[in-house]
Amino acid sequence: MADVALMMGSDSDWPTLEPVVTTLKELGVSCAVRVLSAHRTPEQTREFVAEAEKTGTRAFICAAGVAAHLAGAVAAHTARPVIGIPVASGPLNGFDALLSTVQMPPGVPVATVAINGAVNAAVLAAQMLATGDAKLAARIADWRAAQTRKVLEKDRKLAEKLKG
Ligand code: RP5
């Protein structure tokens, strides 16, 4: 049983999506990873969503490029939260995937992050799960505090460099 399922339209999307897995790991959220396509494996996609729901998956992250219908197709099969990542592949560099992912009809939402927005998809999924999990909420707060410290450190280093 994994809390989150990451689904991608092709293994060629994986390098863009690896940060989903590393970020969820940092936050202590378990994740199943599958290559499944809305167009090329429609039946297996539907079956996986049903199985994942049965075994307790609480959110789906779906990533695809070009005619990116995976997130929408998954959202059609589940009432659990679906987060879409448009992937920059193909001649339009992800603009096609962005529109295909974000422009869902009313009643079947896909929470769409930026093109290639792997880290934000993971953080958003964790934040959704954290609404009912105080320990996870605390881990997210720590993670964000670490991020703040990193930015402040960069600010300090740049100021030092400019001083001369
Ligand atoms: C999309 O087509 C995939 O999500 C990928 O971004 C793109 C290219 O797929 P491959 O030809 O590499 O399998 O469905």
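I began at the ligand, where one of its oxygen atoms is 2.6 Å from an N or O atom in the side chain of serine 12. I count a polar contact as a pair of N or O atoms within 3.5 Å; within protein, one must be able to donate a hydrogen and the other to accept it, and residues adjacent in sequence count only if both atoms are side-chain atoms. Aspartate 13 also has a side-chain N or O atom 2.6 Å from an oxygen atom of the ligand. For serine 89, I found a polar side-chain atom 2.8 Å from a ligand oxygen. On its own the ligand has 360 Å² of accessible area, and the protein covers 69% of that. Such areas come from the Shrake-Rupley method with a 1.4 Å probe, and for residues only the protein chains shown count as cover.

A note on the source: this is a predicted model, in which local features need pLDDT of at least 70 and side-chain atom pairs count only at pLDDT 80 or more, while totals for chains, interfaces and linings use all residues. Residues are numbered from 1 along each chain as its sequence is written, and side-chain values use heavy atoms, with hydrogens and water left out.

Next I listed the surroundings of the ligand: Gly9, Ser10, Ser12, Asp13, Arg40, Ala64, Gly65, Val66 and Ser89. To be listed, a residue needs a heavy atom within 4 Å of the molecule. I sorted this shell into two nonpolar, five polar and two charged residues. In that sorting, Gly counts as polar, while Asp, Glu, Lys and Arg count as charged.

Then I zoomed out to the whole chain. I see six helices and five strands, in the order β-α-β-α-β-α-β-α-β-α-α from the N terminus. The C-alpha atoms fill a box of roughly 60 × 40 × 30 Å along the principal axes. Of the 164 residues, 38% are buried.

Serine 37 is in the loop between β2 (31-35) and α2 (42-54). Is serine 37 buried or exposed? I noted it as buried, because its relative accessibility is 9% (buried is under 20%, exposed over 50%, partly exposed in between, with a 1.4 Å probe and protein chains only). From serine 37 to alanine 73 is 36 residues in sequence, and their C-alpha atoms are 9.4 Å apart.

Proline 105 lies in the loop between α4 (95-102) and β5 (111-112). At 47% relative accessible area, proline 105 is partly exposed. I found its C-alpha atom 9.3 Å from that of glycine 72, 33 residues away along the chain.

Technical notes. Helices (H or I, at least four residues) and strands (E, at least two) are DSSP runs, numbered from the N terminus.
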